[in-house]
Amino acid sequence: MSEVEFGTVKDATVVTDTLVAGGPEETPARRGPLKQDTGGAEAARRRKNLINLTRPWLLLAPSLVVLAGLLLWPLIQVGKLSLQDYAVKFGGGVGTYTGFDHYSDLLSSSLLWKTVLPNTVFFALACVGLTVALGTLVALLLNRLGATWRLICSIAILAAWAMPAVTGTYVWIWLFQPQDGMVSQIAGSIGLIDPETTNWFTERGPFYAIATLNVIHHGFPFVAITVLAGLMTIPKELYEAGELDGANAWQRFWNITVPTIKPVFLVVTILSTIWDFKVFTQIYLQPGGDGSNEEVYNLGVFSYIQAFAKNDYGAGAAAAVLLTLLLLLITIVYIRTLFRQGEEDL
Amino acid sequence: MKRRVIAAGCIAMSIGLTATACGGDDGGDGGKATDGKGKTLTVWIMEGTNPDARPFFKEAGDAFEKKTGAKIKVEYQQWATAQKKFTTAIEGGAEQVPDVAEVGTTWVPQFAETDALVDVTDDVKKSGLGDDLVEGLKDAGTLDGKQYGMPWYAGVRSVVYRKDLFEKHDLKPPTTWKELQATAKTLKEKEPDKVAFPVAGGAEMFAAPFVWGAGGELATESGGKWKSGINSPEALKGIEFYTGLATKDKVSPAKVNTWTEKEVGDAWNKGEISMAIGGNWTPKAIVDANPDLKGKLGAVPIPGENGGMSKSFLGGSYLSTFNTDKKELAWEFVKMLTTGDFAAKWAEQTNYFPGQNSELKKIAAKKDPLVEPFAKQMLEAGATVPKTKAYGEIQASKVIPGMVQSILTGKASVKEAADKAAKDMDAIFAKDK
């Protein structure tokens with residue numbers, strides 16, 4: 001009796017397995033030997049294991065090939081380049097291996113530690129924090145609006161998102177244009193600044209403050225839309241229960257909304273971090289951002305100047321690798337947090 | 001990767017062109033290179049020099065076809081991105097570079113070093129063109145005695161001013177630095193809404209004349225090695241005077257600290273400038289954009305410290321041939337464009353100066369008050385920047401603008417800023433040997 005039971009259970013597993021794997025035509029062949037002798041069952045299981053092992057990879061293969069071609073190969077090339085001195089030559093350049101010289105030069109430069117890295121990190125932190133905060137506030141607003149106003153506001157937000165970074169940056173530059181820009185004129189007319197002697201783009205703080213406004217303006221719509229999607233999945237009952245328990249809006253937000261859609265916040269925070277670390281356009285296009293003012297270099301601009309202004313492709317590549325490693329580190333932290341989250345839920 | 005780029009280039013070329021496709025010509029009859037029947041030359045020309053270059057190249061193309069049987073295909077390039085495009089094409093080799101291209105004089109050292117450009121010294125001699133070339137311009141494209149192309153046109157910066165404002169306030173065009181300073185201060189006082197004399201932080205070629213005018217050099221060469229001269233006592237004096245116009249005399253407000261020549265041009269067009277360094281091509285561009293200023297502009301060479309002239313950057317373009325299998329035919333086309341009728345016509349349409357003395361003298365003889373001062377500057381006080389690939393990199397990494405800006409914003413003294421610039425320049429010189 002027990003043996004029969006055992007057999008049925010086993011059969012059942014086999015059936016579900018093959019169903020999951022999607023190969024029903026294998027079932028009869030496998031069921032046959034299973035009843036006859038255990039040796040055949042062993043072989044079948046091994047084959048099944050093999051199939052189970054290879055099938056996901058086979059299915060993943062096309063996208064892996066594309067990713068390897070588009071991302072991995074250039075990454076390897078950049079890594080290779082960072083170990084070389086590269087000279088452009090007619091019909092193909094020549095690279096001479098120099099070991100880790102570019103890295104030691106890079107890591108021993110005071111420009112990197114005093115200017116480039118602090119600019120990159122603090123700018124990214126400010127942008128991420130403010131983008132997520134503003135995005136969430138806008139999402140909460142959208143969530144409470146009626147259909148018409150939500151549509152109107154969404155369109156306005158999406159317009160900010162859809163604006164190319166170059167166009168957006170020029171608009172912000174115009175607004176803060178010394179003496180002639182709208183903000184400068186207002187600040188001048190209420191006596192905050194002397195327009196004649198104020199140029200915000202030459203000082204590190206104001207320069208990055210303007211860039212931060214620009215990046216937030218361009219980045220918050222993504223956060224708002226994503227968080228809104230999350231908000232709409234939260235059951236109304238939770239809030240009703242909260243209200244019955246006497247929780248005020250502030251408490252409802254922190255004790256219901258935030259924990260429920262924590263994964264959404266994680267995703268938008270990490271993605272924003274990655275984006276804001278590698279900001280280039282918004283910095284490079286601002287007056288003085290194209291290399292003439294060393295004080296405002298960030299990693300992207302620094303790498304660009306090394307590679308394409310000084311034609312020192314190796315040093316530029318080394319800076320790019322450094323940026324990649326930084327982002328990789330952040331991504332690993334992100335993925336680990338996500339997995340830990342998953343385990344907790346189980 | 002390289003092969004893929006070439007393959008992509010081949011595809012692009014064979015789609016875009018007919019006869020220049022990879023391996024299209026076998027070039028068997030090497031002796032009769034100028035018989036170009038069935039061949040097409042690819043020509044890269046910079047956009048913007050000639051307001052409308054298309055009719056000009058239509059005419060030139062027809063004339064060339066009549067002469068050699070070969071067609072030309074002109075591809076217009078943007079100044080801002082062309083250098084990178086050239087670099088990429090040079091990496092790709094003979095299939096990707098154009099046969100003939102307009103090459104900015106400051107790019108010649110970089111491209112020549114990659115072996116992409118054809119040394120035409122002997123061809124120039126053979127054609128008897130050598131003696132007629134404007135010296136400063138010929139020099140700009142000659143490295144180690146090898147000339148990489150034909151000077152096509154050139155431009156130079158002098159001082160452009162508002163003649164009407166000068167008359168109104170009874171001012172004369174300055175002839176010394178002291179006069180320049182006094183004039184700018186008067187203009188600032190009498191026309192407070194205008195920028196009296198922009199000390200544009202992003203414009204390297206606004207600062208250079210004062211370095212040269214004080215007897216300094218950007219960099220000097222000895223024994224094949226370059227060394228920065230930007231912190232020499234003479235150069236410091238020039239930088240001190242130039243930046244002092246903004247920091248001490250206040251004739252240039254803070255907004256100008258980050259201006260490049262483009263922003264200066266925009267301000268001219270809005271009528272917000274009283275006097276500025278400006279190229280020979282600017283008066284016409286300003287009047288085109290702002291017809292109100294017609295007849296109200298004047299020009300004068302950049303004054304020397306105590307009279308005479310300060311040298312000014314003599315920039316321009318070469319027509320160079322690249323190492324492709326059609327280089328003899330390409331040279332014929334270059335000769336046709338840089339001499340005689342076509343050269344004169346191009347100069348006339350673009351308001352730039354031709355690269356030949358004979359043509360330049362004809363222009364100077366016309367006594368146009370908006371041309372003559374520039375012609376004088378070009379013939380008597382033109383200067384070139386250091387002829388090395390490294391200097392191109394120094395320009396691209398904005399060493400001089402960075403120096404000027406840090407002085408203007410008070411972050412560094414003249415000496416500190418110049419010492420730092422010299423250090424940066426020397427680092428780049430050392431890297432490129």
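Trainee: How many residues of domain 1 of chain B are in contact with residues of domain 2 of chain B?

Mentor: Good place to begin! Domain 1 of chain B gives 15 residues, and they are in contact with 14 residues of domain 2 of chain B. Please keep in mind that this is a predicted model.

Trainee: What makes two residues count as being in contact?

Mentor: Their C-beta atoms must lie within 7 Å. On the side of domain 1 of chain B that touches domain 2 of chain B, the elements giving two or more residues are helix 4 (108-113), helix 6 (135-140) and strand 6 of chain B. By class, that side of domain 1 has 7 nonpolar, 6 polar and 2 charged residues.

Trainee: Where along chain B do domain 1 and domain 2 run?

Mentor: Domain 1 takes in 2-14, 40-155 and 315-364, while domain 2 takes in 157-313 and 377-432. The C-alpha centres of domain 1 and domain 2 of chain B are 29 Å apart.

Trainee: Why is chain B called as compact as a globular protein of its length?

Mentor: Set the two values side by side. The globule rule gives 22 Å for 433 residues and the radius of gyration of chain B is 23 Å, which is close, so chain B is as compact as a globular protein of that length. The C-alpha trace of chain B spans about 70 × 45 × 40 Å along its principal axes. As for secondary structure, chain B has 19 helices and 13 strands.

Trainee: What makes B:Pro233 exposed?

Mentor: Count its neighbours. B:Pro233 has 9, so B:Pro233 is exposed. This proline lies in helix 10 (residues 233-247) of chain B.

Trainee: Why does B:Lys250 count as partly exposed?

Mentor: Exposed stops at 12 and buried starts at 20, with partly exposed in between. B:Lys250 has 15 C-beta neighbours inside 10 Å, so B:Lys250 counts as partly exposed. You will find B:Lys250 in the loop between helix 10 and helix 11 (261-269) of chain B.

Trainee: And why is B:Lys398 called buried or exposed?

Mentor: Buried! Buried needs 20 or more other C-beta atoms within 10 Å, and B:Lys398 has 24, so B:Lys398 is buried. B:Lys398 sits in the loop between helix 17 (389-396) and helix 18 (399-408) of chain B.

Trainee: What makes the phi of B:Lys398 worth a look?

Mentor: Most residues other than glycine have a negative phi. B:Lys398 is not a glycine, yet its phi is positive, near 55 degrees. B:Lys250 also has a positive phi, of about 55 degrees, although B:Lys250 is not a glycine.

Trainee: What makes strand 3 and strand 11 of chain B a pair?

Mentor: Two strands pair if there are at least two bridges between them. Strand 3 (residues 100-104) and strand 11 of chain B have 5 bridges in the antiparallel sense, so they pass. Here B:Val103 stands opposite B:Tyr318 in strand 11. Strand 6 (residues 150-162) pairs with strand 11 of chain B in the antiparallel sense over 6 bridges, and B:Tyr153 stands opposite B:Ser317.

Trainee: In what sense do strand 11 and strand 13 of chain B pair?

Mentor: In the parallel sense, over 2 bridges. The cut-off is at least two, so strand 11 and strand 13 of chain B count as a pair. B:Ser312 stands opposite B:Gly382 in strand 13.

Trainee: How many residues does each chain give to the contact between chain A and chain B?

Mentor: Chain B gives 29 residues and chain A gives 28 residues. Helix 3 of chain B gives the most to the side of chain B that touches chain A, with 4 residues.

Trainee: Which elements of chain B have the lowest and the highest mean pLDDT?

Mentor: Helix 1 (residues 2-16) has the lowest, 42, and helix 10 has the highest, 96. Over residues 1-33 of chain B, pLDDT stays under 50. For chain B, mean pLDDT is 86, and 92% of its residues reach 70 or more.

Note on methods: Residues numbered from 1 in each chain as written. Chains lettered and ligands numbered in written order. Predicted model: local features only at pLDDT ≥ 70, side-chain atom pairs only at ≥ 80, totals over all residues. Domains from an automatic or database assignment. Nonpolar A, V, L, I, M, F, W, Y, C, P; charged D, E, K, R; others polar. Rg over C-alpha atoms; globule rule 2.2 N^0.38 Å. pLDDT = per-residue confidence, 0-100.
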